[in-house]
Amino acid sequence: STKGDCHLRLNDIVSMVGVVHFDPMEADFSAQEPSSGGSVGAADNEVGCEGLFDDMALLDGQVALPPPSILPRLHVLTFQRLDLDTMADSIAQDHPHSEDVMDDRTFTIKALSEHIFGGKTMAGEALLLTLLSMAERDGAQQGRPLQTPSGSMLGCASLNFAMPGSQACKDLSGRLGAVLRQLLPVTALADLSLPSLTAGVGGEGQSATPSNSMPVASPIKTSEGRIAPSLLQLPKGACLVINQGSLVEGRVNDGAYCTLVALSEITKHHMCPYRFDGMMDFKFEADIRCIVISRTGSGASTTNGPASEDQNKLLPCAMRTKLSAPAYDKDTGHELSSGIAKRIRTYLAKCRASNENFERNNIGLSRDLLLQAEKDFVKLRVASRENQDAEIGEEDFHRWLTMTRLQARSRIGVSENPAAAVASLADWTAALELDAMMKK
């Protein structure tokens, strides 16, 4: 039993109290061969007393893989669902506010910009917004995520960094991975290459997914019929960094193509499609922070897969910017110093703090802001047509509103009253300015 919603969902993290039950008398080894001495069972699979003692002898480690009949059963008495943001915030409460003249938001952007992007403030601010990306939820529907008309999760913004080459993508992926693992509870790195896609596709009768490959989004079974863990089985609040720069032209099979489709759903809509036995498809929420690193110019096209002139279209993201390969002077490592990492962790935890009342975690938009947003949308749309620029549409408007919410959330950590989170006109202006800089 648990408080509130008692239904467990895929990828939930729980703390539980229970009893582990193990009864070796129920074990049946009739289908296995002993490693040495004795015989197990008879030709007709009947196990007598002697066979039973032979079975018991195999419990001493002579069988490499125990049958399911002797796997311990966990009888759960009570459990509690854990939230990464709530846990991080409880730790942040123990750390006093920094007395530095520079506020935590400015300090975080400066640190990320200098250490990861060679001083590019725009990239550091965009990364901060993505690290604060989290779904707006409906308190009346047990915290169900709210969605835009296009199906995107409200409040979530994935980020795409377009780099000049594969090596630049690899370097940025390594640096992001090292830094984000210092700052976030869960960070997963995925190298999206043809070998990893192909090796990561499992199926009935195939071996488990290699740990260094990109697994399929659907739960796959090993040859023993057990569910193999997947890199994409991430809890709410985790961060997924995908290095797409390694992907080149080639042929992929159906399983790898399904993985690409699943990744596209995650980066675009923050939903992860799973396929279960019986060809039953179901989309689970993927309220995670998504960062995609891709190459500029002509991208990879795949046979029996999505072909595109631009690699960035393969995994669409809400925010996108092009970067040059940054030069790091006298750089001896990827990691932040412990003091800087601790301060940024505390700031991020305060901004993302959540509680049981989901509606209090949402960022409100005032009527004045919405009226100004409507005027600016019409103005910018007219200007784009006059200048024969790319058409500005509904998706752009929703992206600006999401960035506005994230700008407001980034100020919660430096606010005296974080409970009343309402975006201001200044947040809307900052969102438009950042969006314009990212397009240059």
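Here are some notes on this predicted model, going from the whole chain to a few helix contacts, an aromatic cluster and some individual residues.

1. **The chain as a whole.** The protein chain holds 12 helices and 17 strands. It has 440 residues, of which 44% count as buried. If you look at contacts between residues at least 6 apart in sequence, 74% of them join residues at least 24 apart.

2. **Helix α3 against helix α8.** Two packed helices are described by the angle between their axes and the distance between the axes. For α3 (residues 104-116) and α8 (residues 338-351), the axes come within 10 Å and cross at roughly 125°. On the α3 side the contact is made by Asp-104, Arg-105, Phe-107, Thr-108 and Ala-111, and on the α8 side by Ile-340, Arg-343, Ile-344 and Tyr-347. Sorted by class, the contact has five nonpolar, one polar and three charged residues.

3. **Helix α3 against helix α5.** Which residues does α3 bring to its meeting with α5? They are Leu-112, His-115 and Ile-116, and they meet Leu-172, Arg-175, Leu-176, Val-179 and Leu-183 of α5. By class, this contact of α3 with α5 has six nonpolar, one polar and one charged residues. Helix α5 covers residues 166-183, and its axis is 11 Å from that of α3, at an angle of about 145°.

4. Glu-335 sits in the loop between β15 (319-322) and α8. Is Glu-335 buried, partly exposed or exposed? With a relative accessible area of 48%, Glu-335 is partly exposed, because that class lies between the cut-offs of 20% and 50%. Leaving out neighbours within four places in sequence, Glu-335 is in contact with His-115, Ala-178 and Gln-182. His-115 is also one of the α3 residues that meet α5. The C-alpha atom of Glu-335 is 7.8 Å from that of Arg-175, although the two residues are 160 apart along the chain. Arg-175 is among the α5 residues that meet α3.

5. **Helix α4.** If you colour the model by accessibility, have a look at helix α4 (residues 121-131). Of its 11 residues, 10 are buried, so the helix is largely enclosed by the rest of the structure. The buried ones are Met-122, Ala-123, Gly-124, Glu-125, Ala-126, Leu-127, Leu-128, Leu-129, Thr-130 and Leu-131.

6. A search of the whole structure finds five aromatic pairs. One of them is Phe-377 with Phe-397, a tilted pair at 5.2 Å centre to centre and with 55° between the planes. Phe-377 belongs to helix α10 (residues 367-386) and Phe-397 to helix α11 (residues 394-410), so the pair links parts of the chain 20 residues apart. Both Phe-377 and Phe-397 are buried. Trp-400 and Trp-428 form an edge-to-face pair, with 6.3 Å between centres and 85° between the planes. Here Trp-400 lies in α11 and Trp-428 in helix α12 (residues 425-439), so this pair ties together parts that are 28 residues apart in sequence. Trp-400 and Trp-428 are buried as well. Phe-377, Phe-397, Trp-400 and Trp-428 together form one aromatic cluster.

7. **Two residues with positive phi.** His-270 has a phi near 55°, a positive value in a residue other than glycine. Its place is the loop between α7 (254-269) and β11 (271-276). Gln-388 likewise has a positive phi, near 55°, and is not a glycine. Gln-388 lies in the loop between α10 and α11.

How values were computed:
Residues are numbered from 1 along each chain as its sequence is written. This is a predicted model: local features need pLDDT of at least 70, side-chain atom pairs count only at pLDDT 80 or more; totals for chains, interfaces and linings use all residues. Side-chain values use heavy atoms; hydrogens and water are left out. Axes are lines fitted to C-alpha atoms, for helices over the stretch in contact, and angles run from 0 to 180 degrees between N-to-C directions. Helices (H or I, at least four residues) and strands (E, at least two) are DSSP runs, numbered from the N terminus. Contact means heavy atoms within 4.5 Å. Ala, Val, Leu, Ile, Met, Phe, Trp, Tyr, Cys and Pro count as nonpolar, Asp, Glu, Lys and Arg as charged, and the others, Gly among them, as polar. Rings of Phe, Tyr and Trp (its six-membered ring) pair if their centres lie within 6.5 Å; planes under 30 degrees apart count as stacked, over 60 as edge-to-face and the rest as tilted. Buried means under 20% relative accessible area, exposed over 50%, partly exposed in between (1.4 Å probe, protein chains only).
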